[in-house]
Amino acid sequence: MAGPLEQFEVNPIVPIEIGGFDVSFTNASLFMVINVALLTSFFLFASRGRSLVPTRLQSVAEIMYEAVANMIRDNVGSGGRKYFPFIFTLFMFLLTCNLVGMIPGSFTVTSHVFVTFGLAFVIFIGVTIIGIFTHGLHFLRLFFPHGAPLWTAVILTPVEIISYLARPITLAVRLFANMTVGHVLLKVVAGFVAPLGIALGILPLGGLVAITALEFMIAVIQAYVFTILTCVYLHEALHLH
Amino acid sequence: MPQFDPTLFAGLVFWLAITFTALFFLLSRLVLPRMQDTLEARASRIADDLDRAETLRQEAETVRQQYEEALQEARDQARAGITHAVSEMERQGAEREAALNAEIDARITAAEQRIARARDEARTHIRDIAIEACEAASERISGVKVKKAVVTAAVEGEMKRRNLQEVA
């Protein structure tokens, strides 16, 4: 019986080393490539007809498109249109990674904190650069709420700076922790089924079904939360509150 | 936990960068422009159809107004025609009545003239009969044949005295 943490192990398939770093093609890399291939082929296939009245698959692709477009319109506002390709890629990548991870025996790319942190860090740097390019030094207004008494700056500014710097960590940990805990829980509960036998094993099996449904929901919700927080940060960088 | 094994960092981030960038370019170059075209084409097609529907609706409204105007005009014409016909008939009736009245008057006058002539004739006959009767009566009674002029004078005198002219 495999341990609950075994599913997160990264094993090299093709060993590669560049400049002293181990960048081997691993099972994690394989699933990243699979997810990208799945997504690209789905969207290419779904949008190939360009019919005026959409086919079923085309409708699915268009619903995704409209959902992300609405997310940007509602949360980023004016000037958000040009970030649509990035936000769309981000949401679809996370959603696919989370959902493909639900297939038994597959690998959940987003359950690795380095992966989620890599994304969150790029977003953090990108948003900060966009903010400075848009507002120059005015961007620092972000660290002091408009209209608060001046003396509160002593308390508020450090708090604001810390919470700003914590963003990539909270963003990364939220997704990674949700995915990891869910998959560990599934494995642990599943581990009870066989030892308890047919009679008693029904109970953890029922629980397993319920948790699986919950995990599917969490997979979608966490992809959405990650994306929408990115939109919120982008909004702040573009419009300063 | 394998998640916190620092030797994995480089590999995961490296492959994440490659796959995510690849996905970004695949989606933003191939898929998204295509989908945007499709969605815009659909939106503009729907807008066009709505526009055309509105134009057609307005045309139908114009036709309806024209029809109602034509109907109103026809009604007015019919009413005018009826009024004209009625007044024409009244005029003809009055003319005919007048002609009839004139004819009746003429006949009455003619009849009156005939009556007057008949009365005059009758009066003349009465005088002649009276003269003849007087002649015959005086001859039978007295056996004397009186001269016709005398009898005539007597009869005419008597008729004048009794004012027979009025009676006759």
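From the N terminus on, the elements of chain A are ordered β-β-β-β-α-α-α-α-α, giving five helices and four strands. The model is predicted. The C-alpha trace of chain A spans about 70 × 50 × 45 Å along its principal axes. Chain A has 241 residues, of which 31% count as buried. When contacts in chain A between residues at least 6 apart in sequence are considered, 60% of them join residues at least 24 apart.

Helix 2 of chain A covers residues 56-75. Its 20 residues reach 28 Å from the first C-alpha to the last, close to the 28 Å expected at 1.5 Å a residue. The buried residues of this helix are Ala61(A), Tyr65(A), Val68(A), Met71(A) and Ile72(A). Viewed down the axis of helix 2 of chain A, these buried residues fall within an arc of 120°, so they line one face of the helix. Residues with 20 or more other C-beta atoms within 10 Å of their own are counted here as buried, and those with 12 or fewer as exposed. On the other side of helix 2 of chain A, the exposed residues are Arg56(A), Ser59(A), Ile63(A), Glu66(A), Asn70(A) and Asp74(A).

The cover over the buried residues of helix 2 of chain A comes from both chains. It includes helix 1, helix 3 and helix 5 (153-239) of chain A, together with helix 1 (9-142) of chain B. Just after helix 2 of chain A, Gly77(A) adopts a positive phi of about 80°.

Two of the covering elements, helix 1 and helix 3 of chain A, also meet each other. The axes of helix 1 (residues 27-46) and helix 3 (residues 84-100) of chain A come within 10 Å and cross at roughly 115°. The crossing of these two helices of chain A is right-handed. On the helix 1 side of chain A, the contact involves Phe31(A), Asn35(A), Leu38(A) and Leu39(A). Helix 3 of chain A contributes Met92(A), Phe93(A), Thr96(A), Cys97(A) and Val100(A). By class, this contact of helix 1 with helix 3 of chain A has seven nonpolar, two polar and no charged residues.

The contact between the chains takes 36 residues from chain A and 32 residues from chain B. On the side of chain B that touches chain A, 22 residues are nonpolar, six are polar and four are charged.

How values were computed. Residues are numbered from 1 along each chain as its sequence is written. Chains are lettered from A and ligands numbered from 1 in the order in which they are written. This is a predicted model: local features need pLDDT of at least 70, side-chain atom pairs count only at pLDDT 80 or more; totals for chains, interfaces and linings use all residues. Axes are lines fitted to C-alpha atoms, for helices over the stretch in contact, and angles run from 0 to 180 degrees between N-to-C directions. A crossing is left-handed if the near helix is turned anticlockwise from the far one by less than a right angle, and right-handed if clockwise. Two residues are in contact if their C-beta atoms, placed from the backbone, lie within 7 Å. Ala, Val, Leu, Ile, Met, Phe, Trp, Tyr, Cys and Pro count as nonpolar, Asp, Glu, Lys and Arg as charged, and the others, Gly among them, as polar. The expected span of a helix is 1.5 Å times one less than its number of residues. The arc is that of the directions from the helix axis to the C-beta atoms.
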